[in-house]
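This report describes one protein chain for a reader who has not seen it before. Please look over the sequence and the model before reading on.

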Amino acid sequence: MIRMMSPARGLQFVLRPEQIWIIMSGPTCATSILTDALPAKDELWPTFEGYSIGHWEATPLVVETVSLRGGVPIDRTGAALSDEARVTERIRKIDDKTLQSDITIEDPVAFTAPWKVTRRYTNRREPYPRMENVSSLENQRIRW
């Protein structure tokens, strides 16, 4: 979830009453955020994206993610979380074209204190928005 929220390409947010989907341009990059409740603790097992539950606190969408697979790097430095990590994101609209996500990672095994980062996303305001697979754009230049 953390690496997904810092893409080199675009994100799309799909809001539904029962869940929210965040879709990233690229091969099979999507996550869902449940809006009712997490599965029972005995039904959770560690995954790369973990399990996310979201709720609205007035303006921000607050997303809590648990059950992340330990040992997976979260950034380019190689920092990795344990399976006890908990991620809290507060996503809010700053202005008509900007979203901000304040991310806090708490992991008593991997970190001595909570790790915080802020990401901002700008709406490109395209008349016909689309998700592009940037890695395949070079294929359009090949002429047979």
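A residue counts as buried under 20% relative accessible area, as exposed over 50%, and as partly exposed in between. The model discussed here is predicted.

**The chain as a whole**

The chain holds eight strands and zero helices. Read from the N terminus, its elements follow the order β-β-β-β-β-β-β-β. The chain has 144 residues, and 30% of them count as buried. Its accessible surface is about 9800 Å², with 52% belonging to carbon and sulfur atoms. Of the contacts between residues at least 6 apart in sequence, 32% join residues at least 24 apart.

Strand 2 covers residues 19–24, and Q19 is part of it. Is Q19 buried or exposed? Its relative accessibility is 17%, so Q19 counts as buried. Leaving aside residues up to four places away in sequence, Q19 touches V14, S32, I33, L34 and T35.

**Strands 4 and 5**

Strand 4 (residues 51–56) and strand 5 (residues 61–66) run antiparallel and are joined by six bridges. Within this pairing, Y51 stands opposite V66 of strand 5. The hairpin of these strands has four residues between them, and there A58 takes a positive phi near 60°.

**Salt bridges**

Side chains of opposite charge can pair when their charged atoms come close.

| Pair | Distance, N to O |
|---|---|
| R16 and E18 | 3.4 Å |
| E57 and R90 | 2.8 Å |
| E64 and R86 | 3.0 Å |

In the pair of R16 and E18, R16 is partly exposed at 43% relative accessibility, and E18 is partly exposed at 40%.

The side chains of E57 and R90 also meet in a salt bridge. This pair links distant parts of the chain, with E57 in the loop between strand 4 and strand 5 and R90 in strand 6 (residues 86–95), 33 residues apart. R90 has a relative accessible area of 35% and is partly exposed.

E64 and R86 form another salt bridge through their side chains. E64 belongs to strand 5 and R86 to strand 6, so this pair ties together parts that are 22 residues apart in sequence. E64 is partly exposed with a relative accessible area of 23%, and R86 is partly exposed with 35%.

Notes. Residues numbered from 1 in each chain as written. Predicted model: local features only at pLDDT ≥ 70, side-chain atom pairs only at ≥ 80, totals over all residues. Heavy atoms only, no water. Helix = DSSP H or I, 4+ residues; strand = E, 2+ residues; numbered from the N terminus. Buried < 20%, exposed > 50% of the residue type's maximum accessible area, 1.4 Å probe, protein only. Contact = heavy atoms within 4.5 Å. Pairing = 2+ DSSP bridges. Areas by Shrake-Rupley, 256 points an atom, 1.4 Å probe, with all protein chains shown as cover. Salt bridge = Lys/Arg side-chain N within 4 Å of Asp/Glu carboxyl O.
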